[in-house]
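Please keep the sequence and the structure in view while reading.

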Amino acid sequence: MTSPKEIWKALETKYKTEKQGTDKFIIQKYFDFKMMDNVSVLDQVHELQILVHKLNDLSIKIPELFQVGAIIAKLPPSWNNYRKKLLHMAEELTLEQIGTHLRIEQESRIREGTNYVSKVNEGTVNYVLNGGVGSSKTNKSFRPNKKIVKKTNSNKDKKGRACFHCGKKGHYIRECRFLKNQMKEKELNTSEANVVDEIVAMVSEMQIGMITEVHMANAAENSSEWWYDSGATIHVCNNKMLFKEYVEAGNGLEVLMGNHNTAKVLGTGTVELILSSGKKLKLTNVYHVPDIKKNLVSASLLSKNGVKAVLESDKLILSKFGVFVGKGYSCNGMYKLSLIINKNDVGCAYIVNSSLLWHARLGHLNFKYMKYMSKHGLISYKQDVHDKCEICIESKIRKKPFPSTNRDSQLLELVHSDVCELNGILTRGGKRYFITFIDDFSRYTYVYLMRNKDESFDMFKKYKTEVENQKDKRIKILRSDRGGEYFPQEFTIYCEENGLIHQRSAPYTPQQNGLAERKNRTPVDMLNAMIVSAKLPFNLWGEALLTACHVHNRVLCKKIQSSPYELWNGRKPNLSYLKVWGCIAYFRVPNPKRTKLGPRAIKSVFVGYAVNSKAYRLLDLSSNTIVESRDVEFIENKFINDSQIEPKQTQESDSLVNDSLSGNKRIEPSSPNEQRRSQRVRKEKDFGPDFISYQVNVYLVEGNREKVLSKLPFVGNVEEDPNTYSEAMASRDAAFWREAVNDEMDSILSNNTWVLVDLPPSSNTIGCKWVFRRKYRTDGTIQTFKARLVAKGFRQREGIDYFDTYAPVLFDIALDIGGKTWPWLFKG
């Protein structure tokens, strides 16, 4: 073989048949399996099933019907009648049924006293026990065809002659019982010897370590004793401390045991043995197998190196080229080598000059730097395989890395989700949170706005119903963080009922939900840039977020080499209708409101795209409402707060625009038909510099002059707090007041503030009222809305509704009455 191709083919031909040879051996053992009469049938069936499991591990599947037929066919001879009965049954039996039938039949035979022996064998046994030929009349029935031969003087001839096999007198060689016993043992051992020889030959050809010795149950683990084994093809050691040189083994290296099981090899190395003769025996390529009970020296490997072994009188003598090397003696069926073991020297290379000692000396330095220092001659230590340092683990532990993974998922096979908020800023509709759902395959994203985190479950059901109906596929896995919004009982029950796996990230490990975290950051960065560019209020972040998600779904993704929209819908997206967010737009007045004279378009601000409709979402500056329209003209290079839009714009018009953006209703100018008012200048009363009216709200605004002036429109347009419930529900902040009222009622009911009782006669009820207040920050922006339900205690009249007032204070004293101390409580 000269070319690499020929060498490769030779190696492939050699090693490709290794697994096939092992499979054929187990298959042969399965077909040659025969049940015996003197062993329990159920135990033998169990052994047969073990062979079936081994074949299954080798990817050889045996049908259940075939296994049942094999069990029936392999029943012992004493079960022939029962075998025929099973074969003539009309119904097909399973493994469980055949096991039940055999157990019942076995128990019945035990009760009847047959003990698995047929009637013919039973008669033979009785015949032998009764003393042989002529012992009774019944015994003659066993040899009906035999002729009775008269006894002659042949016994006298036997006494004078010796057996040619054993040398004893009194019998011929054909009657020698020693010869018959040897023949029987030879027949029994012939098949086992052939099998063992085939296994050893196959293992030697495959170059796999094998151990056929089974006398290892009484040995102690990690012993320093060594045993001479002719059935081992490699040297094996269970104690790592005995190695002088050690190298970790690669993945998949195993040792085949005599019971057909395998044991893992952790490493290989060199071991030096000091024999009782004083000579040193160096074993190379020794396998480190912790699962083995004894340290074994392979006889075949020693003989290959010229070591001769002589077994005589339960002793083992080792020599090389006629020179005595060492000895051993028989112990528990094996030969143990006579060694000189110095317990103080065992593993000394791992203690005195070990890497762990230098590791501690150098202040728990990294092992890689220690190896670098040893390479440059700074330190010298044994290049052993060090264990992990527990001190370093305890004091230097770091987070495990998060490697990137490439998943071959399909549409809706895996969905990522996360909930986020923007520093508590509410949208125009009172929404505070948003939840995202991202398909792992296409990266297509859905965004839903929420008032509370409790709406997460409803949003997921909405998303699941929509996408499964549109794509005709089912969501298989939902991955999220460990937020409380994903842990309600109803959420878990819903996932279990729909066969949906809910994967949750580990505690304090948002990296495991990294796709959703990155998806949250990208739209938030986009909406922040759009709001800053258009100089619009932050309460429009909801519209900006929906627009950012709409655009991001149509942008090419580097990871998938396509756009999420294309993978989700199967076609390329159309980007020609996209406009600059926050620019000035004019939409056509609807026909019912349009007049022949006057403007036919209304000025507005572009804030997004309509859902499930070919239209744009626009903020009408005149009515402070969001409308949807298809007939729109955009001015993409101009924004509503741009000073270059209308240089002749008056201060009055600027205030109207600011009122509209901040949420106030626009005040229409007075009509020319109003009554003429007096032109006299009215003087305002002055109560001094320290006087502050109760109708004026005072705010502290920090910053320079430009920053303060920019906050004046927000401060000057703050409405007064409503005085009644009807006023609160009729104001433009009705949604916020309604939420505050619901929170107050939930708090009252959860705390059991009142108890419903019948009104006593001649008593009056006390009314209640709602108190509404806005809480502001230092810069004048609204922080929260509060509502409180209070009782009208001032309507009570003294002497009718109450008689006295006091502080509910109790104090106790002790009185000595009749020699006893009595505690008393007094109301003060």
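The model is predicted. In soluble globular proteins, nonpolar side chains tend to be buried together.

**The largest nonpolar core**

- The largest nonpolar core holds 31 residues, of which L527, W541, W581, F606, L618 and F634 touch the most other members.
- Two or more residues of this core come from each of helix 15 (514-534), helix 16 (541-552), strand 16 (445-450), strand 19 (583-588), strand 20 (601-609), strand 21 (616-620) and strand 23 (632-639).
- Helix 16 is the greatest contributor, with five residues.
- Both domain 4 (414-532 + 545-564) and domain 5 (579-641) supply at least three residues to this core.

**F634 and its contacts**

- Beyond residues up to four places away in sequence, F634 touches K579, C583, I584, A585, F606, Y616 and L618.
- Two of these partners, F606 and L618, are named with F634 among the core residues that touch the most other members.

**A separate core**

- Another core lies apart from the largest one; it has 25 residues, including L411, Y448, I475 and Y486.

**N553, a buried residue in a loop**

- N553 is located in the loop between helix 16 and helix 17 (564-569).
- N553 counts as buried because its relative accessibility is 3%, and the cut-off for buried is under 20%.
- A polar atom of the N553 side chain lies 3.0 Å from the backbone oxygen of T445.
- Neighbours within four places in sequence aside, N553 is in contact with R443, Y444, T445, S563, P564 and Y565.

Methods
Residues are numbered from 1 along each chain as its sequence is written. This is a predicted model: local features need pLDDT of at least 70, side-chain atom pairs count only at pLDDT 80 or more; totals for chains, interfaces and linings use all residues. Side-chain values use heavy atoms; hydrogens and water are left out. A nonpolar core is a set of buried Ala, Val, Leu, Ile, Met, Phe, Trp, Tyr and Cys residues joined through side-chain atoms within 4.5 Å. Buried means under 20% relative accessible area, exposed over 50%, partly exposed in between (1.4 Å probe, protein chains only). Helices (H or I, at least four residues) and strands (E, at least two) are DSSP runs, numbered from the N terminus. Domain bounds come from an automatic or database domain assignment. Contact means heavy atoms within 4.5 Å. A polar contact is a pair of N or O atoms within 3.5 Å; within protein, one must be able to donate a hydrogen and the other to accept it, and residues adjacent in sequence count only if both atoms are side-chain atoms.
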